[in-house]
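I opened the notebook to log what holds this chain together.

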Amino acid sequence: LAVKDPTAVERANLLNMAKLSIKGLIESALSFGRTLDSDYPPLQQFFVVMEHCLKHGLKVRKSFLSYNKTIWGPLELVEKLYPEAEEIAASVRDLPGLKTPLGRARAWLRLALMQKKMADYLRCLIIQRDLLSEFYEYHALMMEEEGAVIVGLLVGLNVIDANLCVKGEDLDSQVGVIDFSVYLKSDDDIGGKERNVQIAAILDQKNYVEELNRQLNSTVSSLHARVDSLEKSNTKLIEELAIAKNNIIKLQEENHQLRSENTLILMKTQHHLEATKVDVEAELQTYKHSRQGLDEMYNEARRQLGEEAQLRQDMENELVVQVSMKHEIELAMKLLEKDIHEKQDTLIGLRQQLDEVKAINVEMYQKLQVSEDAMKEKNEIISRLEDKTNQINATMKQLEQRLQQAEKAQMEAEAEDEKLKQEYVNKSESLQNEFSQKEKQLLQLETDLKIEKEWRQTLEDDLQKEKETVSHLRTETQEIVNLKKEFLKLQEKNKQLKSICEDQEAALQELASKLSESKLKIEDIKEANKALQGQVWLKDKEATHCKLCEKEFSLSKRKHHCRNCGEIFCNACSDNELPLPSSPKPVRVCDSCHAILIQRCSSNVP
């Protein structure tokens with residue numbers, strides 16, 4: 001028969017005792033019907049059982065005087081893991097009557113039960129197995145699954161209300177002995193199933209009420225947070241409202257100022273209108289007085305208007321022709337200037353494009369060099385990887401051979417083992433040592449097999465990674481080839497753009513030469529106009545003699561004025577006449593500039 005592990009038996013016994021004590025405590029507390037005191041026997045038994053559970057598998061610590069074995073060390077660790085436990089630890093340390101670590105641990109357990117957080121504290125402690133290993137052996141109850149079960153059972157103690165006085169109680173010298181007579185079944189217990197059902201229902205109701213209370217507390221805290229946020233937003237809105245009111249007051253003041261300024265401007269404009277009305281009335285009166293003299297002058301001027309109307313009409317026709325010519329010249333000038341500006345802009349744009357293309361070419365050339373260097377490095381890496389793959393394949397073959405040898409050795413060992421069992425069944429005592437040696441060999445072979453399999457798996461993973469890197473490098477080489485093709489295409493485009501740019505520069509040079517010629521012509525025309533504009537008509541009083549014959553003007557010798565050069569001739573000297581299609585009579589022309597002469601009244605004729 002297989003011998004059970006004594007530590008496992010101890011753990012199972014302690015777990016059963018914990019179940020019984022927790023169950024008995026809950027049932028008795030609910031039947032008791034009020035808060036529990038420290039003198040309550042089931043409660044004292046529960047603390048004794050918990051103390052035994054926490055002491056199980058505890059490591060012995062050496063001190064100066066003797067060996068020390070207390071549960072206060074792991075319980076003191078809870079405050080570092082669970083911040084809410086700091087209050088309990090501080091109050092336990094401050095208690096005046098406690099002198100030993102065991103007394104502090106007992107006080108800590110009582111305070112944790114009163115807080116209804118014993119299960120939470122111990123759950124935090126169980127989770128941190130690496131920290132517990134400093135205080136407990138590996139087979140201890142707190143390090144195994146039984147500890148988690150006990151923590152789960154402790155959650156049921158939250159239905160109990162305990163009022164324990166820790167300050168005056170002597171916790172250092174208490175003897176922790178479990179009273180098993182409490183947990184033995186009696187006839188009364190068998191007959192009280194209905195009461196247990198009622199107790200379970202009450203417990204469920206209490207758990208439900210506590211859970212509901214927790215949810216309500218969480219909702220209240222969230223509502224408080226919302227109220228705080230709403231108060232903050234309300235204060236912000238009040239501040240914004242005050243700022244808006246101040247802005248409205250400022251705007252109203254500005255509006256009042258603007259209205260007052262508007263009224264002042266209206267008053268000034270009314271005064272100005274009244275003054276202008278007075279001036280207009282005065283001007284009307286003066287106009288009426290001067291109208292009579294003007295009527296007489298009008299009748300006399302009307303006679304002369306009939307004579308000069310035809311000449312004026314001819315002159316207007318010629319003026320219209322020359323004005324249209326001038327407008328056409330100005331339009332041509334503007335069009336030429338626009339063309340020049342547009343072509344200059346196109347030249348600038350083409351130069352910018354050329355610079356960009358040159359920069360792109362330089363970048364592409366640099367990228368090509370970098371990609372070629374990368375290609376060389378990657379080819380070297382590929383060659384190294386191929387060498388590595390060859391080495392890995394060789395090692396794989398060696399490992400397979402070793403595996404086959406190990407399997408053969410295992411088969412041989414198994415065959416020998418079976419033979420030995422059949423031959424030496426009666427001699428079991430003498431052959432036990434050999435059998436144990438064979439088992440050890442088998443375990444070693446199995447471990448070697450596992451190691452070789454793991455090594456083979458790692459080698460296969462490395463091979464897969466190397467293959468992936470090789471495929472990645474191949475894709476990169478393909479991308480570099482595509483980049484080379486794109487670079488060649490860009491070079492061809494660059495050549496085409498250069499040829500287009502050269503053609504456009506040649507065309508622009510031709511246009512610039514034509515524009516320079518047209519500008520020179522326009523400047524000549526402008527200089528001629530300026531030379532002609534400098535000449536002014538002479539006054540009638542100053543022009544008393546003809547420019548050519550130097551004879552005095554009279555009724556027979558009328559004045560003829562050149563509108564272009566400003567010279568005045570008599571009708572005898574200005575004999576040059578030209579026929580015009582617009583006028584039936586030929587027109588007199590100036591001898592110096594060949595412009596049309598205008599007949600003017602003689603100085604001695606009114």
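Which residue forms a salt bridge with Arg402, and how far apart are the closest N and O atoms? I found Glu452, with the closest N and O atoms 3.6 Å apart. I counted a salt bridge when a side-chain nitrogen of Lys or Arg is within 4 Å of a carboxyl oxygen of Asp or Glu.

A note on the source: this is a predicted model, where local features need pLDDT of at least 70, side-chain atom pairs count only at pLDDT 80 or more, and totals for chains, interfaces and linings use all residues. Residues are numbered from 1 along each chain as its sequence is written, and side-chain values use heavy atoms, with hydrogens and water left out.

**Charged pairs**

Arg402 sits in helix 11 and Glu452 in helix 12, so their pair ties together parts 50 residues apart in sequence. I took helices as DSSP runs (H or I, at least four residues), numbered from the N terminus. I then checked burial: buried is under 20% relative accessible area, exposed over 50%, partly exposed in between (1.4 Å probe, protein chains only). Arg402 is partly exposed at 49%. Glu452 is buried at 9%.

I looked next at Lys378 and Glu476, whose side chains meet in a salt bridge (2.1 Å, N to O). Lys378 belongs to helix 11 and Glu476 to helix 12 (residues 428-533), so this pair links parts 98 residues apart in sequence. Both Lys378 and Glu476 are buried.

Glu146 and Arg11 make another salt bridge (3.5 Å, N to O). Glu146 is in helix 9 and Arg11 in helix 1, so parts 135 residues apart in sequence are tied together. Arg11 counts as buried, at 10% relative accessibility.

I logged 13 salt bridges in the structure.

**Nonpolar core**

I defined a nonpolar core as buried Ala, Val, Leu, Ile, Met, Phe, Trp, Tyr and Cys residues joined through side-chain atoms within 4.5 Å. The largest has 65 residues. Phe46, Trp108, Met118, Leu122, Tyr136, Leu154 and Leu157 touch the most other members. Helices that each supply at least two residues of this core include helix 1 (6-32), helix 2 (41-55), helix 6 (101-115) and helix 11 (193-423). Apart from this core lies another, of six residues, among them Ala543, Cys546, Cys570 and Cys573.

What does Phe46 contact, leaving aside its neighbours within four places in sequence? I listed Ser21, Ile22, Leu25, Leu113, Met118, Leu154 and Leu157. Contact here means heavy atoms within 4.5 Å.
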